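Here is a friendly walk through one chain, from its overall make-up to a few individual residues. Please keep the structure open beside the text as you read.

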Amino acid sequence: MARSTEYKLLNAKGLAFEVSAQDHERMQAVYEYVETHFQQEINLDEASRRVNMTSPAFCRYFKKLTSKTFIQFTNEFRV
């Protein structure tokens, strides 16, 4: 299923929760990374580098804003 070329994106572009401008920019960068690479291996270190954070700090930050782990978010995006 992950390699299929027959798919339709069901999620809306952008993020639906209220955050500060800086948080919105960070989360948008993460969202764009996942959207661009969801059919490939998603790398936590690469995602955290894109928002200038260490991996542990990124994991805490992401969970605080989304109530999901980065892996949960990525898997839900793929489904």
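## What counts as covering

Two residues are taken to be in contact when heavy atoms of theirs lie within 4.5 Å. With that in mind, the buried residues of H1 are covered by elements that include H2, helix H3 (55-66) and helix H4 (70-78).

## The chain as a whole

Please bear in mind that this is a predicted model. The chain holds four helices and zero strands, and its pattern along the sequence reads α-α-α-α.

How much of the chain is made up of buried residues? Of the 79 residues in the chain, 30% are buried. Contacts can also be sorted by the distance along the sequence that they bridge: among those between residues at least 6 apart, 49% join residues at least 24 apart.

## Helix H1

Helix H1 runs over residues 21-37, which is 17 residues. From its first C-alpha to its last it reaches 24 Å, close to the 24 Å expected at 1.5 Å a residue.

Which residues of H1 are buried? They are Asp23, Met27, Gln28, Val30, Tyr31, Tyr33, Val34, Glu35 and His37.

## Where H1 meets H3

H1 and H3 pack at an angle of about 105°, and their axes are 12 Å apart. Because angles of 65 to 115 degrees count as roughly perpendicular, H1 is described as roughly perpendicular to H3. On the H1 side the contact is made by Asp23, Arg26, Met27 and Val30, while H3 brings Phe58, Tyr61, Phe62, Leu65 and Thr66. By type, the residues of this contact divide into six nonpolar, one polar and two charged.

Leaving aside neighbours within four places in sequence, Tyr33 is in contact with Glu41, Ile42, Asn43, Glu46, Ala47 and Arg50.

Tyr33 and Asn43 are 10 residues apart along the chain, and their C-alpha atoms are separated by 9.7 Å. A polar atom of the Tyr33 side chain lies 3.1 Å from the backbone nitrogen of Asn43.

## Ser48 in helix H2

Moving on to helix H2 (residues 44-50), we find Ser48. With a relative accessible area of 2%, Ser48 is buried. Which residues does Ser48 contact, leaving aside its neighbours within four places in sequence? They are Met53, Thr54, Ser55 and Phe58.

## Two loop residues with positive phi

Most residues other than glycine have a negative phi. Against that background, Asn52 has a positive phi of about 55° although it is not a glycine. Asn52 lies in the loop between H2 and H3, and at 71% relative accessibility it counts as exposed.

Ser67 also has a positive phi, near 60°, and is a residue other than glycine. Ser67 sits in the loop between H3 and H4, where it is exposed, with a relative accessible area of 61%.

Definitions and conventions. Residues are numbered from 1 along each chain as its sequence is written. This is a predicted model: local features need pLDDT of at least 70, side-chain atom pairs count only at pLDDT 80 or more; totals for chains, interfaces and linings use all residues. Side-chain values use heavy atoms; hydrogens and water are left out. Buried means under 20% relative accessible area, exposed over 50%, partly exposed in between (1.4 Å probe, protein chains only). The expected span of a helix is 1.5 Å times one less than its number of residues. A polar contact is a pair of N or O atoms within 3.5 Å; within protein, one must be able to donate a hydrogen and the other to accept it, and residues adjacent in sequence count only if both atoms are side-chain atoms. Axes are lines fitted to C-alpha atoms, for helices over the stretch in contact, and angles run from 0 to 180 degrees between N-to-C directions. Angles under 35 degrees count as roughly parallel, over 145 as roughly antiparallel, 65 to 115 as roughly perpendicular and the rest as oblique. Ala, Val, Leu, Ile, Met, Phe, Trp, Tyr, Cys and Pro count as nonpolar, Asp, Glu, Lys and Arg as charged, and the others, Gly among them, as polar.
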